[in-house]
Amino acid sequence: MQAPRRFGPLRDRHSRPYLLTAGLSMMGDNIEHVITYWVLWEVFASPWLVGFQVISHWLPFLLFSVLFGGLAEKYDCRRIIQVAQLLFAAVSLSWGLLFLTGTLEMWSACVLLVLHGMAGALWGPAEQLMLHDVATPPELPSAVRLNATVKSLGILAGPVVGSVLLLLLGPTWGIFANIVFYLPMTLLMVRTPFTGHVRSGHVHRERVSLLDTPRVLRTVGGDRVLVGMIALAGLIAVCVGASLQVAMPNFADVLGAGEEGGLGYGALLFANGVGGVVGGILLEATGILRVDVRGAVIAAVLFGLTTLIVATTQLYAVALLALVVGGVANLAATAIGQALVQLRAPDDQRGRVVGVYSMIGSGMRTGNGLTIGGLGALLGVSGAVAVGGGALMAGALLIGVLIALQNRRGAAA
């Protein structure tokens with residue numbers, strides 16, 4: 001593979017608008033969370049509904065990612081992305097109408113939460129296939145990394161922008177304004193010449209089914225690197241997942257960071273997101289980690305280590321630094337894994353393989369809620385997060401060792 005240009009996708013007239021509009025859509029996703037979660041707590045104050053918010057967001061990834069990946073292989077990805085973006089916008093519009101008319105009920109809130117999760121799951125595989133099509137092959141790893149970076153920026157900026165909209169416009173007009181963030185990518189899909197299939201030249205002709213998951217896993221089972229990266233994504237999701245964000249109030253209290261909502265607490269919450277953004281820029285500028293198994297394993301081990309440090313340290317400054325470094329490591333591990341999966345997936349199954357990666361890497365975050373809840377009841381929240389960090393380190397090292405041993409056996413044979 002030729003040496004890619006630093007920040008090459010941002011210099012390309014096709015890749016640049018694609019990456020930037022993806023970041024805006026991710027920002028809209030998180031703005032909606034800020035506004036709707038606040039209203040739902042104000043109206044219902046239901047812990048059950050809080051749990052359902054997490055499940056409804058990630059369970060569609062677990063159940064439908066492979067199916068949606070098959071659709072991305074079979075149909076024009078531009079249209080699938082437009083459908084997903086319009087579904088995001090329709091959900092925001094529906095929230096706004098319910099807020100405006102005062103007719104919000106528990107059942108309607110649950111329906112909209114599920115539809116929002118379905119929009120995200122539908123968007124994912126088609127968005128990755130389009131990225132594979134828009135970016136030139138030498139610059140695909142860079143494009144995947146920058147895509148993760150701009151999405152991290154959207155995740156980081158979403159709560160800020162959402163809070164501003166909530167403060168200035170109120171929840172009703174704030175959620176209406178959020179529709180605007182989904183329009184740039186929707187409109188870009190009208191004029192881009194790429195379909196998700198231009199470079200590969202392959203369009204899936206067979207029937208798409210929910211039963212594709214085991215068939216795809218059997219097909220790619222011989223590629224130890226591909227299987228290892230899918231397993232590593234699942235390990236990160238189950239062991240750490242969203243536990244750092246959920247446990248942040250607990251860490252702030254343990255570290256003496258002031259009252260909840262204070263500057264110290266906010267800095268902890270902000271640090272991990274900053275790490276993802278700054279880390280993506282630094283990794284792109286320096287190329288310090290190669291796009292290979294070793295790079296993914298090193299990043300995953302570092303993410304586990306920093307998670308363990310955050311959960312066990314009594315020093316606020318150490319926790320803050322560990323969260324920043326952990327954000328860098330998390331982005332690096334997921335971006336390298338995603339790039340390897342896209343590069344190694346067979347052309348005739350790329351959408352479904354990316355769907356499996358999304359199913360495991362995103363859908364298994366549902367399991368992280370169960371693990372932190374069960375272990376938290378036994379060991380406390382900090383103890384549960386510490387166990388997750390340690391398990392991630394051990395599991396990532398094991399995956400790296402197994403792949404290395406299999407490679408040696410293959411070379412010897």
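Trainee: What makes the reach of H4 close to the expected one?

Mentor: This is a predicted model, in which local features need pLDDT of at least 70 and side-chain atom pairs count only at pLDDT 80 or more, while totals for chains, interfaces and linings use all residues. Residues are numbered from 1 along each chain as its sequence is written, and side-chain values use heavy atoms, with hydrogens and water left out. The expected span of a helix is 1.5 Å times one less than its number of residues; H4 has 25 residues and reaches 36 Å from its first C-alpha to its last, close to the 36 Å expected.

Trainee: Why is Val-160 called partly exposed?

Mentor: Buried means under 20% relative accessible area and exposed over 50%, with partly exposed in between (1.4 Å probe, protein chains only); Val-160, which is found in helix H6, has 49% relative accessibility and therefore counts as partly exposed.

Trainee: Why is the pair of Trp-58 and Phe-61 called tilted?

Mentor: Rings of Phe, Tyr and Trp (its six-membered ring) pair if their centres lie within 6.5 Å, and planes under 30 degrees apart count as stacked, over 60 as edge-to-face and the rest as tilted. The ring centres of Trp-58 and Phe-61 are 5.4 Å apart and their planes stand at 45°, so the pair is tilted. Both residues lie in helix H3 (residues 47–74), three residues apart, and Trp-58 and Phe-61 are both buried.

Trainee: Which residues do ring pairs link into a cluster?

Mentor: Phe-88, Trp-123 and Tyr-182 are linked in this way, and the structure holds six aromatic pairs.

Terms used
Helix = DSSP H or I, 4+ residues; strand = E, 2+ residues; numbered from the N terminus.
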